[in-house]
Amino acid sequence: MLTTTKTETGAKARHLPQHGPVDKNGREVLLSIRNVDITFGKGENAVKAVKNASFDIYKGETFSLVGESGSGKTTIGRAVIRVNPCAAGEILYKGVPISGKIPRSLDREVIRNIQMVFQDPAASLNERATVDYIVSEGLYNFHLFKNEADRVEKVKNMITEVGLLPEHLTRYPHEFSGGQRQRIGLARAMVMEPELVVADEPISALDVSIRAQVLNLLKKFQEERDVTYLFIAHDLSIVRFISDRIGVIYKGDIVEVAEAEELFNFPLHPYTRSLISAIPIPDPQLEKNKVLFTYDPSVHDYSQETPQLADIGHDHFVYGSKKEIEEYRAIREKGVPMKSITIRDPNEPEAPAQEEEAPVDASGILNTPVHDTGNIWYLVLSLLLPIIGILAAVIFRKNNYIRNYKACKKGALIGFGILGAIIALFLIFLLLAVIL
């Protein structure tokens, strides 16, 4: 687990300190994620999107969080800006806890210091507002200007820095292209002069040529303003060249954290290797003969012990059991870079196709059957005919139709309750008739 030195600022701090805690290597820790769980829904419908996530982000660096869609990258980013609440663990900014309920004064400082650039440049901008108001909104809310002339000057300078023109300030978002909209979103964040920017896949919706321009803008701001980035992406080919360190996340678990070149030279976790092997090769012939490394989660046996994110040296953290961690450590200590991308010899004859494939285990597919809708008619019919409803519930449960099972069970229980109440009233009236 990644740890940082504690500061004197406690959980009830009302303001942020000037500097964050310093780790054992003398680096200032700007943001610290500690054993964070993030859950959506309640009860049986609860889904744990992030599980026991831990990592640090140092001041002035670009920390990239990569993984496939649905792995929990954006969920963590939104938790950092206090949109998604943490079910467990805590998030610290400069050593001060900012997750959960915090004083209003601290909340305003967090908003001022942590900004976000969103993935969809169209949905993140107010279509009814001019570019001038969109960029100025933060300045208005925090009154970060001396007078109107100062505000106009700040907005004009910022819109020019992101590659747009001052005359664009009077226009509306729908009048711009996707790349221009993303520049407006970047200007909106940077005009606040933040210390940390959460960039949630800011280039995934852009053309390749525009991507390079936006990335160059991000690097320019980092060099000029000492901005720190939490860069969320799924394309490892991009994050390799802009990141100082990279964290890999798989289904809510942080499986590997290391410096960029360290991670690409020694991708120890098999999921990291699969992501690297999926990076497209510009040469179409090589890409055609590339052999993909496929990650199979069943290779891990976590039935006996809970896996942990452990330090194997070289500021490299890998997720696994004690046995796996020892294997990873032994591989790393050999110092021989690992090969994740394999190119098949085109002259080599292909393996003959199998006549019959092995049967596929459909249990995973049937976890949520297509017709498992939990239709309200199941509840109504079970209420009217509770005995049949109970039998239907048993059949649905046996075949893994969970929603239908719950509807029938609920209707049958209500039906039996109503039937019991009617019988009880009948007996009371019968008893009264006999007595009277």
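In this predicted model, the second largest pocket holds about 270 Å³ of space. A pocket is here an open set of points on a 1 Å grid over the protein atoms alone, with protein on both sides within 12 Å along at least five of seven lines. Grid points are joined across faces, edges and corners, and a volume is the space filled by probe spheres set on the points. The second largest pocket is lined by 14 residues, and those nearest its centre are Arg240, Phe264, Ile276, Ile279 and Ile341; a lining residue has an atom within 4 Å of a point. At least two lining residues come from each of helix 7 (236-242) and helix 8 (260-265), and helix 7 makes the greatest contribution, with four residues. Helices (H or I, at least four residues) and strands (E, at least two) are DSSP runs, numbered from the N terminus. By class, this lining comprises nine nonpolar, three polar and two charged residues, where Ala, Val, Leu, Ile, Met, Phe, Trp, Tyr, Cys and Pro count as nonpolar, Asp, Glu, Lys and Arg as charged, and the others, Gly among them, as polar.

The largest pocket has a volume of about 390 Å³. Its lining consists of 16 residues, of which Ile111, Ile114, Gln115, Met116 and Phe118 are the closest to the centre. Two or more lining residues are given by each of helix 2 (104-113), strand 6 (114-117) and helix 3 (131-142). Helix 3 provides the largest share of the lining, four residues. Nine nonpolar, three polar and four charged residues make up the lining of the largest pocket.

The largest cavity has a volume of about 50 Å³. Its lining is formed by Thr62, Leu215, Leu218, Lys219, Tyr229, Phe231 and Ile242. Helix 6 (208-225) and strand 8 (228-233) are the elements that give two or more residues to this lining, with helix 6 giving the most, three residues. By class, the lining of the largest cavity divides into five nonpolar residues, one polar and one charged.

Residues are numbered from 1 along each chain as its sequence is written, and side-chain values use heavy atoms, with hydrogens and water left out. As the model is predicted, local features need pLDDT of at least 70 and side-chain atom pairs count only at pLDDT 80 or more, whereas totals for chains, interfaces and linings use all residues.

Methods: 1 Å grid on protein atoms, 1.4 Å probe; cavity = no way out; pocket = protein on both sides within 12 Å on 5 of 7 lines; lining within 4 Å.
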